[in-house]
Amino acid sequence: MKIIPPKRPLQFLRWFCREDYLEEIEGDLTEVFIKQAESHPRQAKWKFTWSVMKYFRPAFMKSFRNSYQPNSYAMIKNYFKIGWRSLVRQKMYSVIKIGGFALGVAACLLIALFIKDELSYDRHYSPQIYRVLGVIIDEGDVKKGLAFPAPMAAALKEDFAEVKEAGRYNGSELFGAGSSEVRPDGTVENAYDEGFVYFDQALLNMLELPFIYGSPKTALSQPGAIVITKRKADKYFPNLDPVGKLLIVNNRADKPYTIGGVIEDFKATSHIQFDFLIGTEGLEFWNGEQKNWGASNYATYIEVQKGVDVAALEAKISKGIIDKYLVPSMLKDGIPQAEIDKIFKEKNAHLELQPLQKVHLYSNGIDDSLVHGDIRIVWLFGGIALFVLLIAVINFVNLSTAKSANRAKEIGLRKAVGSMRSNIVSQFLYESILFSLISFIIGIALAALLLPYFNFISGKSISMPWITFWFVPSIVALAVMVGLLAGIYPSLYLSAFKPIQVLKGNLTRGAKSSPLRSTLVVFQFTTSIILIIGTVVIYRQMNFILNTKVGYDKEQVLLLQGTNTLGTQVASFADELRALPQVVAVSTADYLPVRGSKRNGNSFWNEGREDIDPGVNSQFWRIDPYYINTLGIKLAEGRNFNRELVSDSSAIIINKKMAGKLGGNVLGKRIYNYAGLWTVVGIVEDFHFESLREDIQPLGMVLGRETSVLAVKLKSGSMSESIALLTQVWKKFTPHQPIRYSFLDERYAAMYADVQRMGRIFTSFAILAIVVSCLGLFALSAFMIEQRAKEIGIRLVMGASLKNIFNLLTFDFIKLVVVSIVIAIPLAWYAMQQWLQDFAYRVDITWQVFAVAGLVAVLIAVLTISYQSVRAGLVNPVKSLRSE
């Protein structure tokens, strides 16, 4: 058998190589190939191809300038001229082609900007910085958290040479972080502000935050120091260097903070977003807190030395911290060895290092109280963009092949006068590129117009990158690439016409039913139906969330914030509010059954069982006697608190979930936690105090004084009148502080902003997909009817009714939609079932969802086709049969 080199690389060599080099180079390469092919034929082909490519450089290339440039330029110009004439001549089809393409381009561009923004988070920080996570696996459920003991950061730096630096922050509202009333020293008007956090100097050093004023190395090194961002410096100290000036927080004039520096605002692409960084030097929230390994309140970050094996370090610090510090601390606190073994062996509790660049997108399920994204949303957006663009490309391919009969005579004449197939392919590819370029220009304009709405549905603040160096070249390259990809099949399809058949009059090839065209229509409607089903399921789940009974009354509850600044006047203020006719009840409510309020995790045991039983992990809230009635929480057993009873200072009310965890029959018995022994005087029905994504957890409530928020239950009626009366009382007690309030039902709904956002996304893209699909279906049906005009005329002459013609023309398309429904239902069911797994409480996906989606798809298809079908059925058959 004769061994010859690969055909394509050899043809490529003969095409570009200079004549005076070709014979020698081809001979040498062929000789080497034959020797190598005897033992390793596959490798020989790759090596031959690579060797050819190495000669593809100016020294060995022909000069194409004189022989090709003028003709090529004229030919390309002619291609574009023919393409433009075709575009203008077939206005409706051109508008649909370009319009659909442009919508797809606009969607892709917007989503590409969204994905670029999501992937850019924390890229400006050192890649050597990691966030420490605690991981525990409980019955297959992986739980991750980032609250650690105060001394752990110092231990990490001291005990492990691989750790260059370690720092912490504490953003817990339990200790005064979050929001506060603030004013510069020497002024009397308070202003509400958010973004307060306790922050280590070491963490400031690690992040290398850019300073405007002050020294980065010492800004938080003194007790009582605070660093603020530029926007806050401009707000409170306009046009001044505020370093050394004092800030009064929550009216604590006896404990002012000294400004140690001003930093640039955190970038929008940083997962850390604070405005007031309070130094931790010399700070203790209770005596011995900074050396206590039994309380976990600090997020901890480390910077590792370059070249460190992070996986090995992760295992090393996990074992070191657990064995040296955590286990001894737990034994000292009286936790049984069996319970410790269960935590660290059975549940595999360990530490994990998360790269800073992954915090934003890979923190799903980590309760870090930060706003972050989800890599699944990025993939979802990317998939939607791709499918919408594919639908637009499919329209282009369908219409190009369907309209083939109109171009067949042109192709036949070109071939008859000697035009090569490659020339015809080139012509149609250039036409496709022309359509693509026009579509991209319109698509970019549409994207700019739709950007504000897109920012609204995605929760972003993206801007068009008009002046960036990469934008225009990328758009041009993409337009050409998409044009080539979209035009490959139509160009090969159209250029394959045989001139003899065409010139004989066989021009109806495009009117015949094409399996590929049918497949593409099915793909379009399958995508649209999946998006419709997704939209219906998301809105059903959102409706379920907002209307399900959560175990407390969230309606007509106004939350007055910042009441801790009233100091000892809080009780008097609350009493005056209770005297108002519009007020039903008032309670201090720092601990609320919504995200963003105080939380305090604790373990509880039945009395005397601390060294025997595992602790029941629970929330531990401090409330007043009015709390349960104000929020409409139902008592299942026992009684509410009574402030007249001295013994209620050691009383506790628990929920049913906690009662069950403690053995069931606990009313009147005593239970224990770190704060002491508590007598169970009441058991409330379970209520949702976290998201419906999570199951209800154990909860214990005791009497306490937490006064940052007052919950005011109002009567139904004029809300504006009630707020006006509350404002009058507020101004009486604190004239220099604006009233701040929100509503409990709004806070509850805000917990599901991501679900609402996803609903808007699915709705928007479902509509877009349907519009693009319908554009294509409308044009395709119009053309198919045009091609069947004589057949329809004959049927009408033979007595066919309008109904007969309508059924004839719509049946084939409806079949394709039904096939799409059958394909889409299992795919959509699986996808939405996966999405619903994030919710502990969720709706079922019933058959009605699929019925609605299918009915909508069929109705849209029928309405799209019906205009053309009815029009065809009403036409005078004489017109279509005149030429016969």
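This is a predicted model: local features need pLDDT of at least 70, side-chain atom pairs count only at pLDDT 80 or more; totals for chains, interfaces and linings use all residues.
I looked up first how helix 17 passes helix 20, and I noted a right-handed crossing, where right-handed means that the near helix is turned clockwise from the far one by less than a right angle, and left-handed anticlockwise. Residues are numbered from 1 along each chain as its sequence is written, and side-chain values use heavy atoms, with hydrogens and water left out.

Helix 17 covers residues 570-578 and helix 20 covers residues 719-733, and I found them packed at an angle of about 155° with axes 10 Å apart. Helices here are DSSP runs of H or I with at least four residues, strands are runs of E with at least two, and both are numbered from the N terminus. Axes are lines fitted to C-alpha atoms, for helices over the stretch in contact, and angles run from 0 to 180 degrees between N-to-C directions.

On the helix 17 side I listed Ser-572, Phe-573, Glu-576 and Leu-577, which meet Leu-726, Val-729, Trp-730, Lys-732 and Phe-733 of helix 20, contact being heavy atoms within 4.5 Å. The residues of this contact divide into 6 nonpolar, 1 polar and 2 charged (Ala, Val, Leu, Ile, Met, Phe, Trp, Tyr, Cys and Pro are nonpolar, Asp, Glu, Lys and Arg charged, and the others, Gly among them, polar).

Next I turned to helix 5 (residues 91-119) and helix 13 (residues 421-458), which pack at about 45° with their axes 6 Å apart, and that makes helix 5 oblique to helix 13. Their crossing is right-handed, and by class I recorded 20 nonpolar, 4 polar and 1 charged residues in the contact.

I then checked Thr-707, which lies in the loop between strand 22 (699-703) and strand 23 (709-714). Thr-707 is buried at 14% relative accessibility (buried is under 20% relative accessible area, exposed over 50%, partly exposed in between, with a 1.4 Å probe and protein chains only). Leaving out residues up to four places away in sequence, I noted that Thr-707 touches Thr-563, Asn-564, Val-570, Thr-588 and Asp-590.

By way of contrast I looked at Ile-467, in the loop between helix 13 and helix 14 (471-495), which is exposed with a relative accessible area of 83%.

Note on methods
Angles under 35 degrees count as roughly parallel, over 145 as roughly antiparallel, 65 to 115 as roughly perpendicular and the rest as oblique.
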